[in-house]
Amino acid sequence: MSEATPGRENEDFVAAGPGWVVLLDGATSPPGVDGGCRHGPAWLVRRLGGRIAALLALEDGKPLPDLVAEAIKVTGEAHTATCDLRNPDSPSATVSLLRRRGDAVQWYVLADSPIVMDVGEVRVFRDDRVDHLPGYTLEDVRRHRNRPGGFWVASTRPEAAYEGLSGEVPVEGLRRAAVLSDGASRLVERFGRMGWEDLLRLLDEEGPRELVRRTREAEAVEPAGPRGKRHDDATAVLVRF
């Protein structure tokens, strides 16, 4: 399930097929910032996510970072004639992937959209480098975006794909997994209203729609925080094994 911020276009993307899931969360452009691109984050996530999904559907076994790099390259080529891809504020997105290959489930995360797995214990795979910047002004983020020592996102540089985190877990013992945009992980990560095991149980027993409903309730009463938006696009996928 994917639900936009109330009153706004959805800048998340999700797709799934036999044995795979892809989720992207576009970074909302700050007001008044010229990203040098005639397209916004919603366009980027649909083009980039659609390309990754098409590559996953081929089932050719290519490593996940290679798929993401190819998708970034092809997406960039689709608008290099109309947009300034050298602009440091070009549209960007997180990428989170799951893929089953034989007796293992491969995972990949680029930036802070988490994957949560229940393997008898809960394991969380999240790229948290954006949480450790020295500051969060526009200039701070621009200076550290897609740079060593900073954080990495899918935007205009295919090599960023190789900075993502990845691994695999055996299918045996894996009960369920959730792929989340950070707008759907807020009840744990921002508001502290539940733990990861509680979130997985909620998804399993009541579904993604209930998770989003509770998130909107919390957003209405909780402070947004110094870095956060009061509301955010929320996307959640539950996979049972």
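This is a predicted model: local features need pLDDT of at least 70, side-chain atom pairs count only at pLDDT 80 or more; totals for chains, interfaces and linings use all residues.
Me: How do strands come together in a sheet, and what is the strand order here?
Reply: In general, strands of a sheet pair through backbone hydrogen bonds, in either a parallel or an antiparallel manner. In this model, five strands form an open sheet in the order 2-3-4-5-8, and their pairing is antiparallel.

Me: Which strands stand at the edges?
Reply: These are strand 2 (12-17) and strand 8 (165-170); each has a single partner strand, so one side of each lacks a neighbour in the sheet. On average, neighbouring strands of this sheet are turned by 10° against each other, direction ignored.

Me: How many bridges join strand 2 to strand 3?
Reply: Strand 2 and strand 3 (residues 20-26) run antiparallel and are joined by six bridges. For Ala15, the bridge partner in strand 3 is Val22.

Me: Where does helix 1 lie?
Reply: Helix 1 (residues 41-57) lies across strand 2, strand 3 and strand 4 (93-101). Its direction is at about 165° to strand 3.

Me: What is the phi of Glu59, and is this residue buried or exposed?
Reply: Glu59 is not a glycine, yet its phi is positive, about 55°. Glu59 belongs to the loop between helix 1 and helix 2 (64-79). Glu59 counts as exposed because its relative accessibility is 53%, and the cut-off for exposed is over 50%.

Me: Where is Asn146, and is it buried or exposed?
Reply: Asn146 sits in the loop between helix 3 (138-144) and strand 8. Asn146 also has a positive phi of about 55° without being a glycine. Asn146 counts as buried because its relative accessibility is 4%, and buried means under 20%.

Terms used. Residues are numbered from 1 along each chain as its sequence is written. Side-chain values use heavy atoms; hydrogens and water are left out. Two strands pair if DSSP finds at least two bridges between them. Helices (H or I, at least four residues) and strands (E, at least two) are DSSP runs, numbered from the N terminus. Axes are lines fitted to C-alpha atoms, for helices over the stretch in contact, and angles run from 0 to 180 degrees between N-to-C directions. Contact means heavy atoms within 4.5 Å. Buried means under 20% relative accessible area, exposed over 50%, partly exposed in between (1.4 Å probe, protein chains only).
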